[in-house]
Amino acid sequence: KRALNIVKMKKMKQEGNPITMITAYDYPSAKLAEEADIDIILVGDSLGNVVLGYDSTIPVTTDDIVYHTRSVARAAGNTFIVADLPFMTYHGSIDETLRTVRRIMQEGHAHAVKMEGGAEIALQVQSIVQAGVPVLGHIGLTPQSVNQIGGYRVQGKDEQDARRLMEDAKALERAGVFGIVLELVTEEVAEAISKAVSVPTIGIGAGRRVDGQVLVFHDVLKYDSDYREKRFVKTYADIGAEIRQGIAAYVNEVKTRQFPAQEHVFNAEDTVIAGLYG
Ligand code: KIV
Ligand code: NA
């Protein structure tokens, strides 16, 4: 298997072949995603919520993204990896923006970066693209701006908002993005944008008429202790419950002295110690 690239992604749009993307933040999850033939892995700053225990993406730092992207890249050497630029790392000087991107590419080993925003970040997008780094846009509900938006609400519901989203999508296309994530946007607006731009759109809560779909790993698999249903998510497994049951069974077997059993025990005649780390 060879990693997807941005040229093939555009072709997939033209051919009507849906692009698949899922987040991953560490080695085992990225490896499993690659083995499941995912097209793109996103090291999203949803990392903050689902892995680091924050209540938004705002506290996630460049160090966090670099650290997690490195482990994903070690696992998924044949998958296209996109990493999020963290909150407020691309709104100051171009120099600062490029320094952050350099770290995520050189230390994190991502293939591309994703940035939230429209026309207002077009200059930064352009500078990164000119440096040879593919950029994935992200408009609609942009969680890094949650305090300004005033909550996690559906975008594009009125005429003016729909027009603004369309203009942002076009501004990003002109700035050179290879694709655009549309988050929590009405299906109608997402369809109109997908038709208006030549680059693929990847939806999350943006309906059916986009060029690809992205979901958060922990949502797809219910990898949480108290998963809250989200209308735009479909869950395909319940590994939170599996993990809890598995750990509870281990605890119980130690308490009741069922584990370790005969087969787990070493005797003097055993010479091979297999399965240790190192
Ligand atoms: O951080 C993330 O997981 C994302 C996706 C929801 C698109 O940005
Ligand atoms: Na994100």
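**Contacts around the annotated sites and a helix pair**

Leaving out residues up to four places away in sequence, Asp45 touches Thr57, Val60, Ile65, Asp84 and Pro86, where a contact means that two C-beta atoms, placed from the backbone, lie within 7 Å. This is a predicted model, in which local features need pLDDT of at least 70 and side-chain atom pairs count only at pLDDT 80 or more, while totals for chains, interfaces and linings use all residues. Residues are numbered from 1 along each chain as its sequence is written, and chains are lettered from A and ligands numbered from 1 in the order in which they are written.

Asp45 sits in the loop between β2 (40-43) and α3 (47-50); helices (H or I, at least four residues) and strands (E, at least two) are DSSP runs numbered from the N terminus. Asp45 counts as buried because 29 C-beta neighbours lie inside 10 Å. A residue is called buried if 20 or more other C-beta atoms lie within 10 Å of its own, exposed if 12 or fewer, and partly exposed in between, with C-beta atoms placed from the backbone.

UniProt positions are given in the numbering used here, feature names are shortened, and annotations may be inferred rather than shown by experiment. A further "binding site" annotation in UniProt, also from an unreviewed entry, covers Asp45, Asp84 and Glu116. This set spans 72 residues in sequence, but no two of its C-alpha atoms are more than 10.9 Å apart, so its members gather at one spot.

Two of the annotated residues can be followed into strand β4. Lys114 has its place in strand β4 (residues 112-116) and is buried, with 24 other C-beta atoms within 10 Å. Beyond four places in sequence, Lys114 touches Leu42, Val82, Asp84, Leu85, Leu136, His138 and Val181. Glu116 is found in strand β4 too, and with 22 C-beta neighbours inside 10 Å it counts as buried. With neighbours within four places set aside, Glu116 is in contact with His138, Thr142, Gln144 and Ser145.

Turning to helix α1, Ile6 belongs to this helix (residues 6-15). Ile6 counts as partly exposed because it has 18 C-beta neighbours inside 10 Å. Residues up to four places away not counted, Ile6 touches Pro134 and Phe178. Ile6 and Leu136 are 130 residues apart in sequence, and their C-alpha atoms are 10.0 Å apart in space.

Finally, helix α2 (residues 27-35) packs with helix α4 (residues 62-75) at an angle of about 40 degrees, their axes being 8 Å apart. Axes are lines fitted to C-alpha atoms, for helices over the stretch in contact, and angles run from 0 to 180 degrees between N-to-C directions. The two helices α2 and α4 are therefore oblique to each other, since angles under 35 degrees count as roughly parallel, over 145 as roughly antiparallel, 65 to 115 as roughly perpendicular and the rest as oblique. The contact is made by Tyr27, Ala30, Lys31 and Glu34 of α2 together with Ser71, Val72, Arg74 and Ala75 of α4.
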